[in-house]
Amino acid sequence: MSEKKEKKVYTREELMEKFAEVTATSINDQATYFLRAFVTEFSGNFEEVLDLAEEFKKYAPASGVVRELEEDQAHLFLERRGETLTVKELRDELKEIDLDSNNKVCFIEFCLFKYKFTLEQLFAEKDHKIEHLLKKLEEAIALYQATLKEKQAREAKMKELEALAEKGGVKGMRAKVELEAMKNEDQLERNKKEIQAGAKQRAAQKAVDSGDPYLEEQKRLEEEKKKKEAEEERKRQESRKRLKEKASLWN
């Protein structure tokens, strides 16, 4: 009988070194790394993280390799997501999220904070083989990102045509005709890649369901985690409500 291989235990310094390597990559790469690390936890629902990455990018610099948000943009991102209430809470949350203490927030820091995972969990060795699951997920991620890029390019083109059409003249008329043609394109063909992306997501879910012997336990733990988070959120909301009620007495 073969002995079970012991998992490597990283020191804090080793964890931070590995974390620095991850945070030096783009937001897309950070999202992929996060999903690879927690493939079973996000089985069939990885697009939630990818959508979050796209939202995160909206608050990042428009040029260069985007890896993280400056403190003011991180404040804005959290505030508009309804993650916080007061300036103090915003600052406290940023301190908790900013694991490398550089006064900036990278995407994977936010994911670890949002989903309540630790660095130890992020870099932990897996007990079972999941390469086939990772392959399915990464294929679906690639298709998701390609579909999103195509959609964004199309929307940008339509905005450009709208601006030209408003100016009038010969170019404006041509732009108006082209814009109408784009709007009247066959809906089925326009959404073909999005449908394919959905099929890939379902295939990834099926692969996880049928290929991971630990999935049921993972699901059970995830349900417990969600219940705990829901209860914590309920308590936070009640606390905030009481604070608002007290504050209203002074108005």
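Predicted model: local features only at pLDDT ≥ 70, side-chain atom pairs only at ≥ 80, totals over all residues.
**View 1. Packing of helix 3 against helix 8.** Helix 3, which spans residues 47–57, packs against helix 8, residues 131–167, at an angle of about 40 degrees, and the two axes are 11 Å apart. The two helices are therefore oblique to each other, and the crossing that helix 3 makes with helix 8 is right-handed. On the side of helix 3 the contact involves Glu47, Leu50, Asp51 and Glu54, which meet Ile141, Tyr144, Gln145, Leu148 and Gln152 of helix 8. Sorted by class, the residues in this contact of helix 3 with helix 8 comprise 4 nonpolar, 2 polar and 3 charged.

**View 2. The aromatic pair of Phe56 and Phe77.** Across the whole structure, a search finds 11 aromatic pairs. One of these is formed by Phe56 and Phe77, whose rings are arranged edge-to-face, with 5.2 Å from centre to centre and 80 degrees between the planes. Phe56 belongs to helix 3 and Phe77 to helix 4 (residues 71–80), and the pair thus links distant parts of the chain, 21 residues apart. Phe56 and Phe77 are both buried.

**View 3. The aromatic pair of Tyr59 and Phe77.** Phe77 also pairs with Tyr59: the ring centres are 5.6 Å apart and the planes stand at 70 degrees, so this pair is edge-to-face. Because Tyr59 lies in the loop between helix 3 and strand 1 (68–70), whereas Phe77 lies in helix 4, the pair ties together parts that are 18 residues apart in sequence. Tyr59, like Phe77, is buried.

**View 4. A cluster of aromatic rings.** Phe34, Phe38 and Phe42 are joined with Tyr115 and Phe117 into a cluster, the links between them being ring pairs.

**View 5. Packing of helix 8 against helix 9.** Helix 8 packs against helix 9, residues 169–183, at an angle of about 145 degrees, and their axes are 7 Å apart. The crossing in which helix 8 passes helix 9 is left-handed. Helix 8 contributes Arg154, Lys157, Met158, Leu161, Glu162, Leu164, Ala165 and Lys167 to the contact, while helix 9 contributes Gly169, Gly172, Ala175, Lys176, Glu178, Leu179, Met182 and Lys183. By class, the residues of the contact of helix 8 with helix 9 are 7 nonpolar, 2 polar and 7 charged.

Key. Residues numbered from 1 in each chain as written. Heavy atoms only, no water. Axes fitted to C-alpha atoms, helices over the stretch in contact; angles between N-to-C directions. Helix = DSSP H or I, 4+ residues; strand = E, 2+ residues; numbered from the N terminus. Parallel < 35°, antiparallel > 145°, perpendicular 65-115°, else oblique. Left-handed = near helix turned anticlockwise from the far one by under 90°. Contact = heavy atoms within 4.5 Å. Nonpolar A, V, L, I, M, F, W, Y, C, P; charged D, E, K, R; others polar. Phe/Tyr/Trp six-rings, centres within 6.5 Å; stacked < 30°, edge-to-face > 60°. Buried < 20%, exposed > 50% of the residue type's maximum accessible area, 1.4 Å probe, protein only.
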